[in-house]
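Me: I'm new to reading protein structures. Could you walk me through a few features, one at a time?

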Amino acid sequence: MTRNEDLLNRLNAIFDSARPAAIALSGGVDSMTLAFVAHRRMGADATMFHAASAAVPATATERVKSYADRHGWNLHIIDAGEFSDERYLANPSNRCFFCKSNLYSTLASHTEAQLFSGTNTDDLGDWRPGLKAAEANQVRHPFVEADISKADVRAIAAAHGLTDLAELPSAPCLSSRVETALRIEPDMLRAIDEVETFLRQELAAETVRCRVRSIGVVVELDEGALTSLTATKRSTLSTRIERAFGSKKSIFFEHYVRGSAFLREHHP
């Protein structure tokens, strides 16, 4: 038995213990792969929910809809209501707790099925306030229960021919680009999504993060994309970025640093 076969057996046992199930889909590799393998095992007993909002890249919502159409998923697009929650909009360091609390409580209002998330074992070592919200709402994490890491998730996706998912870069929600304690604004998130989409195409960059910080807009790029920027190119891109935000901004180009907009010292 291969490792992938062993992992799938563990997942199938979990799925069989939790029928029917509702899967929270962000559009990223983890939740999409979970939805795919759960639907293969559970069929109509697996229902997918995707919370669309300004914090979700447009490409992620398009990916969810495309997979649902191709694979016959029972998909519900919902509003989780986090943009009506001042605790979320204030953007504290535990913003994810309020986001996930809104998400899971909304899902529970739509279904009595067991809630699943795409959390994997790598996530357990990060600062993840959303896990507390999951615990409070009795959400199960099949990948964690089956001892599956991020690399395992990508391997499972690849084994099913889902190369687009297996190679999909990690992409936290757009609110993660906004420095802790700066207010979350939908227009700002739409500008961030527009800038990142544009820069990926323009620079063929592997990694792009458009951070909104107290000092201005900081565009973080992988080494190859950053070193390719001439002074003229930076000036041209800065003009384009300002247009997306609709106002004059101080714009910086820096190396990508994971989670650099997050400031834990602002935790209330």
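Me: Is Thr119 buried or exposed?

Reply: Keep in mind that this is a predicted model. The general idea is to look at relative accessible area, where under 20% counts as buried. Thr119 has a relative accessible area of 12%, so Thr119 is buried.

Me: Where is Thr119 placed?

Reply: Thr119 is in the loop between β4 (114–116) and α6 (130–136).

Me: Which residues is Thr119 in contact with, leaving aside its neighbours within four places in sequence?

Reply: Here we set aside the sequence neighbours and see who remains. For Thr119, the contacts are Leu124, Leu131, His141, Phe143 and Val144. There is also a polar contact of 3.0 Å between the side chains of Thr119 and Ser117.

Me: Now for charged pairs. How many salt bridges does a search of the whole structure find?

Reply: A salt bridge pairs a side-chain nitrogen of Lys or Arg with a carboxyl oxygen of Asp or Glu. The search of the whole structure gives 19 salt bridges. One of them joins the side chains of Arg183 and Glu86, at 3.0 Å from N to O.

Me: Why does the pair of Arg183 and Glu86 tie together parts that are apart in sequence?

Reply: Check where each partner lies. Arg183 is in the loop between α9 (163–166) and α10 (186–203), while Glu86 is in helix α4 (residues 86–89), so the pair ties together parts that are 97 residues apart in sequence. Arg183 is partly exposed at 37% relative accessibility, and Glu86 is partly exposed at 49%.

Me: What are the closest N and O atoms of Glu179 and Arg213 doing, in terms of distance?

Reply: They are 2.9 Å apart, and the two residues form a salt bridge. Glu179 sits in the loop between α9 and α10 and Arg213 in strand β5 (residues 208–213), which puts them 34 residues apart in a link between distant parts of the chain. Glu179 counts as buried, at 8% relative accessibility, whereas Arg213 is partly exposed, at 22%.

Me: Which residue does Glu202 meet in a salt bridge?

Reply: The side chain of Glu202 meets that of Lys233, at 2.5 Å from N to O. Glu202 belongs to helix α10 and Lys233 to helix α12 (residues 231–245), so this pair ties together parts 31 residues apart in sequence. Glu202 is partly exposed at 38%, and Lys233 is partly exposed at 25%. Elsewhere, salt bridges that share partners join Asp16, Arg19, Arg41 and Asp45 into one network.

Conventions: Residues are numbered from 1 along each chain as its sequence is written. This is a predicted model: local features need pLDDT of at least 70, side-chain atom pairs count only at pLDDT 80 or more; totals for chains, interfaces and linings use all residues. Side-chain values use heavy atoms; hydrogens and water are left out. A salt bridge is a side-chain nitrogen of Lys or Arg within 4 Å of a carboxyl oxygen of Asp or Glu. Helices (H or I, at least four residues) and strands (E, at least two) are DSSP runs, numbered from the N terminus. Buried means under 20% relative accessible area, exposed over 50%, partly exposed in between (1.4 Å probe, protein chains only). Contact means heavy atoms within 4.5 Å. A polar contact is a pair of N or O atoms within 3.5 Å; within protein, one must be able to donate a hydrogen and the other to accept it, and residues adjacent in sequence count only if both atoms are side-chain atoms.
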